[in-house]
Amino acid sequence: MTLGPLIIVSGPSGSGKSTLIGRMIARFSPRLRHSISATTRKARSGEEDGIHYHFWTPERFEQGIAAGEFLEYATVFGRHYYGTPKTEVESYREAGVGVILDIDVQGAAQIKHNCPSAFLIFLMTPEGEYAKRLRARGKDSEEDIIRRIAEARSELTRANEFDVRLLNDDLEQASDELNQMIDGLLNGRFPEKAS
Ligand code: ADP
Ligand code: 5GP
């Protein structure tokens, strides 16, 4: 059995990662699954443990680090741990299922180093859209939004480490482009390293 592809989607908060990944899962499931990360941040309203994230205590997370349970992990926004448990990825890939990860640029760099066959996508919006979209999403405090925008600036400087950069301006167009890439990956074709 050929290993299912490992697909990484990174990009600033508000760039549309959850929206686009949700669309890809709706389109490609059960050949594609979304890895559920573990995090020590608090659940937002509407988020459920085991569905959006595994919401772990810092103690549980640190046990996981010590036991080598993570494919990658990082401290994001300088204060919360986020990581990909190996159990979310390995057995599925071995069964030929593609796994898509929504992770930050630090995690993406670890994956690139440890899993060279992974395909890395950096998602961006036109400048100035991040703040608008985060405010429109209405799930983060103003303090969190300011922190996320500061982080976006530093993440954008690392976009060139990715295989492709995808602009999420028009949602339908971005969905179509991502559809094509994922369709290719699920059929054993590594997309052109564009842009
Ligand atoms: P991320 O997961 O990267 O933080 P989200 O997927 O939560 O981003 O998107 C942030 C907000 O922007 C959401 O409210 C979402 O509905 C909206 N959004 C996503 N893509 C677009 C787009 N192309 N145009 C306008 N709004 C968008
Ligand atoms: P949020 O708090 O908005 O859900 O996510 C914040 C950031 O953490 C996003 O950039 C997201 O991609 C990143 N993130 C989510 N899960 C993981 C993970 O498992 N590992 C890493 N490194 N980053 C993650």
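Let's start with one contact: in this predicted model, a polar side-chain atom of Ser18 lies 2.7 Å from an oxygen atom of ligand 1.

**Around ligand 1**

- Ligand 1 has 13 residues around it, and the nearest are Gly14, Ser18, Thr19, Arg137 and Asn168.
- Arg137 uses its side chain, where an N or O atom lies 2.8 Å from an oxygen atom of ligand 1.
- On its own, ligand 1 has 570 Å² of accessible area, and the protein covers 76% of this.
- If you are looking for ligand 1 in the structure, you will find it in the largest pocket.
- Two elements give two or more residues to the shell around ligand 1: helix H1 (17–28) and helix H5 (129–137).
- H1 provides the largest share of that shell, with three residues.
- By residue type, the shell around ligand 1 holds seven polar, four charged and two nonpolar residues.

**Around ligand 2**

- Ligand 2 is surrounded by 17 residues, and Ser37, Arg41, Tyr53, Tyr82 and Asp102 are the closest.
- Tyr82 places a polar side-chain atom 2.6 Å from an oxygen atom of ligand 2.
- Arg41 does likewise, with a polar side-chain atom 2.7 Å from an oxygen atom of ligand 2.
- Gly83 contributes from its backbone, where a polar atom is 3.0 Å from an oxygen atom of ligand 2.
- The protein covers 96% of the 510 Å² of accessible area that ligand 2 has on its own.
- Ligand 2, too, sits in the largest pocket.
- Strand E5 (70–76) and strand E6 (80–85) are the elements that give two or more residues to the shell around ligand 2.
- Sorted by type, the shell around ligand 2 consists of seven charged, six nonpolar and four polar residues.

**A peptide bond to look at**

- Most peptide bonds are trans.
- Ser29 and Pro30, however, are joined by a cis peptide bond, with omega at about 5°.
- To locate Pro30, look in the loop between H1 and strand E2 (32–34).

Notes
Residues numbered from 1 in each chain as written. Chains lettered and ligands numbered in written order. Predicted model: local features only at pLDDT ≥ 70, side-chain atom pairs only at ≥ 80, totals over all residues. Heavy atoms only, no water. Near = heavy atom within 4 Å. Polar contact = N/O pair within 3.5 Å; in protein donor to acceptor, adjacent residues only side chain to side chain. Areas by Shrake-Rupley, 256 points an atom, 1.4 Å probe, with all protein chains shown as cover. 1 Å grid on protein atoms, 1.4 Å probe; cavity = no way out; pocket = protein on both sides within 12 Å on 5 of 7 lines; lining within 4 Å. Sits in = over half its atoms within 2 Å of the grid points. Helix = DSSP H or I, 4+ residues; strand = E, 2+ residues; numbered from the N terminus. Nonpolar A, V, L, I, M, F, W, Y, C, P; charged D, E, K, R; others polar.
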